[in-house]
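Here's a quick briefing to read with the structure open beside you. Take your time and find each piece as it comes up.

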Amino acid sequence: MDSGTISKGDIKLISKFDVENPDCSFMESYLEFVVPIDICATWYNEMLRNLRSVPVKWQGRCFHITVVFVNDAPAGARLLELFNGMLSDAKAPTLFFDKLDAFTTTSGSSHIINLTTTVPSAEFLEMVEGIRSGMEHRGCDVSQGFRIHLTLGRVAGNSITIQHLRSRLAGIHLPPFEIRLTRMRYLQREGHRVIGQWTLK
């Protein structure tokens, strides 16, 4: 598997959205790991100094890794029920962060500065694959590929080249560190309303 990338085929779906019923399908929602990043860390502040001349919109807080976006889902998918069944007794995976990187969004409108790993743990990948597979079996579209990345900031695509941005990031010393991912949340995309949350063992 290439750096934890997962892809799935396209699925034709029926839309359903009802915020009053927690067991229904939710349009425009997402599932994420909450990641506790120390913004007082030396590498983080070195990054801010190194990029102070670049117009970055920094994330600043609420750091996370998105497992899946739910842009559309069939009626009766009961995603909260699915996530409760999979996550209520799940073991917390770990991730070893060892790389600062950047990539350009599909539209080309922005570059995403991110923290990632070159050695994703098998337990993390298995958990992500299991969740996405479970959603696919319920008719959800999970065709958008999965890339392990924790967004640190965003830059307009026309303000700096991706090559120059990556070169700046390469000059930052990042001591590799491991984090145990003990929290997950399922949120409505509009307003970031929390639909469900879990503490992993």
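What follows is a short tour, from the overall layout to a sheet, its helices and a pocket.

Keep in mind that this is a predicted model. The protein has 201 residues, and 45% of them count as buried. You'll find 4 helices and 10 strands in it.

**Overall layout**

- Starting at the N terminus, the elements go β-α-β-β-α-β-β-β-α-β-α-β-β-β.
- Take the contacts in the protein with a separation of 6 or more: 80% of them are between residues 24 or more positions apart.

**The open sheet**

- Look for an open sheet of 4 strands, in the order E3-E1-E9-E10, with antiparallel pairing.
- Its edge strands are E3 (64-70) and E10 (194-199), and each of these pairs on one side only.
- On average, neighbouring strands in this sheet are turned by 15° against each other, if you ignore direction.
- As a bit of background, strands in a sheet pair through backbone hydrogen bonds, and the pairing can be parallel or antiparallel.
- Zoom in on E1 (residues 29-34): 6 bridges join E1 to E3, and the two run antiparallel.
- Across that pairing, Tyr-30 stands opposite Phe-69 in E3.

**Helices on the sheet**

- Helix H2 (residues 79-87) lies across E1, E3, E9 (183-188) and E10, and runs at about 5° to E10.
- Helix H3 (residues 122-137) packs on the sheet too, where H3 touches E1, E3 and E9. The direction of H3 makes about 20° with that of E3.

**The buried side of H2**

- Which residues of H2 are buried? They're Leu-79, Leu-80, Leu-82, Phe-83 and Leu-87.
- Seen down the axis of H2, these buried residues fall within an arc of 155°, so they line one face of the helix.
- What do the buried residues of H2 pack against? Their partners are E1, E3, E9 and E10, plus helix H3.

**The largest pocket**

- The largest pocket holds about 1200 Å³ of space.
- Its lining is made of 32 residues, and Thr-66, Phe-69, His-149, Thr-151 and Arg-154 are the ones nearest its centre.
- Elements giving two or more residues to this lining are E1, E2 (56-58), E3, E5 (99-104), E7 (150-156) and E9.
- Which element gives the most to the lining? That's E3, with 6 residues.

Note on methods
Residues are numbered from 1 along each chain as its sequence is written. This is a predicted model: local features need pLDDT of at least 70, side-chain atom pairs count only at pLDDT 80 or more; totals for chains, interfaces and linings use all residues. Side-chain values use heavy atoms; hydrogens and water are left out. Two strands pair if DSSP finds at least two bridges between them. Axes are lines fitted to C-alpha atoms, for helices over the stretch in contact, and angles run from 0 to 180 degrees between N-to-C directions. Contact means heavy atoms within 4.5 Å. Buried means under 20% relative accessible area, exposed over 50%, partly exposed in between (1.4 Å probe, protein chains only). The arc is that of the directions from the helix axis to the C-beta atoms. On a 1 Å grid over the protein atoms alone, a cavity is a set of points where a 1.4 Å probe fits but cannot get out, and a pocket is an open set with protein on both sides within 12 Å along at least five of seven lines; lining residues have an atom within 4 Å of a point. Grid points are joined across faces, edges and corners, and a volume is the space filled by probe spheres set on the points.
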